[in-house]
Amino acid sequence: MTGRFGTNIGDITIDNEVVAKVAGLTAIECYGIVGMASINVTNGFVRLLKRESLTKGIKVDIENNVITIDFHVIIEYGINIRAVADNLISTVKYKIEKFTGMDVGKINIFVEGVRVE
């Protein structure tokens, strides 16, 4: 689904891909995040996605103008996973809500791998 809400002169529709792009760009700026991982992992290999493919590591669902985001990430080795996740959640929630005007109901983080930087 897409986000949709009306104004006094028309409707505004926000596509899931737009939300995913903003979420991905925000996420890779967060401390400890190396990048997004491909969601379709085959044979146990995790692939670090390039910047232009960030949205392939993010799944966005919008229902009743409430956003749910799933992140598949690769984090930096030696960094506290909980601290990285908390920072990612709060930063993305703030920026997406400010950008879209919709509520972020849930953010799920799947750590698919670690990388030494």
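Contact, as the word is used in this report, means heavy atoms within 4.5 Å. The structure is a predicted model, in which local features need pLDDT of at least 70 and side-chain atom pairs count only at pLDDT 80 or more, while totals for chains, interfaces and linings use all residues. Residues are numbered from 1 along each chain as its sequence is written, and side-chain values use heavy atoms, with hydrogens and water left out.

## Confidence and overall layout

The predictor's confidence in each residue is given as pLDDT, on a scale from 0 to 100. The protein chain has a mean pLDDT of 89, and 89% of its residues reach 70 or more. Confidence is lowest in strand β1 (residues 3-7), with a mean of 69, and highest in α2, where the mean is 97. Where pLDDT is low, the predicted coordinates should not be read in detail.

Helices (H or I, at least four residues) and strands (E, at least two) are DSSP runs, numbered from the N terminus. By that rule the protein chain holds two helices and six strands, and their order along the sequence is β-β-α-β-β-β-α-β. Among the contacts in the protein chain with a separation of 6 or more, 66% are between residues 24 or more positions apart. Burial is judged by relative accessible area, where buried means under 20%, exposed over 50% and partly exposed in between (1.4 Å probe, protein chains only). Of the 117 residues of the protein chain, 36% count as buried.

## The nonpolar core

A nonpolar core is a set of buried Ala, Val, Leu, Ile, Met, Phe, Trp, Tyr and Cys residues joined through side-chain atoms within 4.5 Å. The largest such core has 26 residues, and those with the most contacts inside it are Met36, Ile67, Ile69 and Phe71. Two or more residues of this core come from each of α1 (16-27), β3 (33-36), β4 (58-63), β5 (66-76), α2 (81-100) and β6 (103-115), and the largest share, five residues, comes from β5. When residues up to four places away in sequence are not counted, the residues that Ile67 touches include Val19, Val60, Ile62, Ile96, Met102 and Val104.

## The cavity

Rolling a probe the size of a water molecule over the atoms shows where empty space is left. On a 1 Å grid over the protein atoms alone, a cavity is a set of points where a 1.4 Å probe fits but cannot get out, and its lining residues have an atom within 4 Å of a point. Grid points are joined across faces, edges and corners, and a volume is the space filled by probe spheres set on the points. The count by this rule is one cavity of 30 Å³ or more, and the largest cavity holds about 40 Å³ of space.

Its lining consists of Ile33, Val73, Ile75, Ile81, Val84, Ala85, Leu88, Ile109 and Val111. At least two lining residues are supplied by each of β5, α2 and β6, with the largest share, four residues, coming from α2. With Ala, Val, Leu, Ile, Met, Phe, Trp, Tyr, Cys and Pro counted as nonpolar, Asp, Glu, Lys and Arg as charged, and the others, Gly among them, as polar, the lining divides into nine nonpolar residues, no polar and no charged.

## Individual residues

The table gives the relative accessible area of several residues.

| Residue | Relative accessible area | Class |
|---|---|---|
| Arg51 | 52% | exposed |
| Ser38 | 9% | buried |
| Asn64 | 68% | exposed |
| Asn65 | 25% | partly exposed |
| Phe99 | 47% | partly exposed |

Arg51 is found in the loop between β3 and β4, and, leaving aside its neighbours within four places in sequence, Arg51 is in contact with Lys21, Leu25 and Ile28. Arg51 and Leu25 are 26 residues apart in sequence, with 8.2 Å from C-alpha to C-alpha. Ser38 also has its place in the loop between β3 and β4, and beyond its neighbours within four places in sequence Ser38 is in contact with Arg47 and Leu49.

Most residues other than glycine have a negative phi, and most peptide bonds are trans. Asn64, in the loop between β4 and β5, has a positive phi near 55°, and Asn65, found in the loop between β4 and β5, has a positive phi of about 60°.

Phe99 lies in helix α2 and, leaving aside its neighbours within four places in sequence, is in contact with Val18 and Val22. The C-alpha atoms of Phe99 and Val19 are separated by 8.7 Å, although the two residues are 80 residues apart along the chain.

Note on methods:
On a 1 Å grid over the protein atoms alone, a cavity is a set of points where a 1.4 Å probe fits but cannot get out, and a pocket is an open set with protein on both sides within 12 Å along at least five of seven lines; lining residues have an atom within 4 Å of a point.
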